[in-house]
Amino acid sequence: ISALIVGGVLKEVQENAFQSFDEKVNYQKDYIMKEMSNRWTNVEPYLQEISALLPLDEQAVMDDYFEASTPALISMLRTTMTNGAFLILANTDSSNQHEALYLRDHDAYLNDGLNKDLYCVAGPSQICQALKIPFDDNWGYQLTLTDENRAFYDEPAAHAHLSTNSKLLGYWSKPFKLAPTGVSIITYSLPIYDNKHVFRGIVGVELLLDQFTEVLPGKDLLARDSISYLIGYQEPGEDTISPLITNGALQERILQTDTAFQLETVNEAQSIHILGNPKITDTLYAKI
């Protein structure tokens, strides 16, 4: 044992293990980033079409606009392979009720050419009926925004004055539910402007949390006892990272998923840490 320690063999073994750990996590990170940037956020062509159709009269009846925008919204949903696509208009008053067209596909990988796999979450009933799209359990003619669900609208709306280039103002939400009895989703939303560069609402896509976790493999790092991947969130100005999207019962069993991670750096170059607050006594390593 002394010979192994003096000869640096054990240290080299550890460094090799850290390097392997680093490479595997980075590979998965790159895959998720490509999905986010090349697929899930590939909305710009449809954004331009939807914006160009906006009537300049903000008091106009918008049902005709929603009907004209529906093909672009469905195409955006199919192209991005997300679970939902939405168009939510700004209010001319202070009401929480917003005119909207919101479509959802519970399985983004199985597309039906007749749109029978879609559900109407919000929007004019005549549009959904004409396309034979069934209503979601929480359907409403307008979309109700509350303190619990409105960040995906408010964030791009609040920053719309910074630029008329929508793609500079895209916003990824934390997981939330549109309705208390609804499914958990995350969204990517952007502001839209009419031909006079006036902010008129937002456009975006949603991912069901169940689909998002499909890009987080269950067991990939180790032969056994691997907790695999999760996604954390760092509040602006904070150093701590809190679990946001976890994957599987094993993570819930051995991690404190309701509190921020306590991290002790063991390899700064490869951003590898010891997790300081697990539910178990084993040493757990985290690669960020």
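Select Arg39 first: with 28% relative accessibility, Arg39 counts as partly exposed, a class between buried (under 20% relative accessible area) and exposed (over 50%), using a 1.4 Å probe and protein chains only. This is a predicted model, in which local features need pLDDT of at least 70 and side-chain atom pairs count only at pLDDT 80 or more, while totals for chains, interfaces and linings use all residues. Residues are numbered from 1 along each chain as its sequence is written, and side-chain values use heavy atoms, with hydrogens and water left out.

Glu35 forms a salt bridge with Arg39, the closest N and O atoms being 3.5 Å apart; a salt bridge here is a side-chain nitrogen of Lys or Arg within 4 Å of a carboxyl oxygen of Asp or Glu. Both residues lie in helix H2, four residues apart, about one turn of the helix. Helices (H or I, at least four residues) and strands (E, at least two) are DSSP runs, numbered from the N terminus. Glu35 is buried, at a relative accessible area of 11%.

By this rule the structure has 11 salt bridges. For another, pick Asp22 and Lys287, whose closest N and O atoms are 2.6 Å apart. Asp22 sits in helix H2 (residues 9-40) and Lys287 in strand E14, so the pair ties together parts that are 265 residues apart in sequence. Asp22 is buried at 13%, and Lys287 is buried at 15%.

From Lys287, show the sheet. Three strands form an open sheet in the order E12-E13-E14, with antiparallel pairing; two strands pair if DSSP finds at least two bridges between them. Strands E12 (263-267) and E14 (285-287) stand at the edges, each with a single partner strand, so one side of each has no neighbour in the sheet. Four bridges join E12 to E13 (residues 272-275). Glu264 stands opposite Ile274 in E13.

Next, select Asp105 and Arg78. They form a salt bridge, with the closest N and O atoms 3.1 Å apart. Asp105 is in strand E2 (residues 97-105) and Arg78 in helix H4 (residues 63-80), 27 residues apart. Asp105 is buried at 2% relative accessibility, and Arg78 is buried at 17%.

Finish at the cysteines. The structure holds one disulfide, defined as a pair of cysteine sulfur atoms within 2.5 Å. Cys120 and Cys128 form the disulfide, with their sulfur atoms 2.3 Å apart. The link is right-handed, with 40° about the S-S bond. Both Cys120 and Cys128 are buried.
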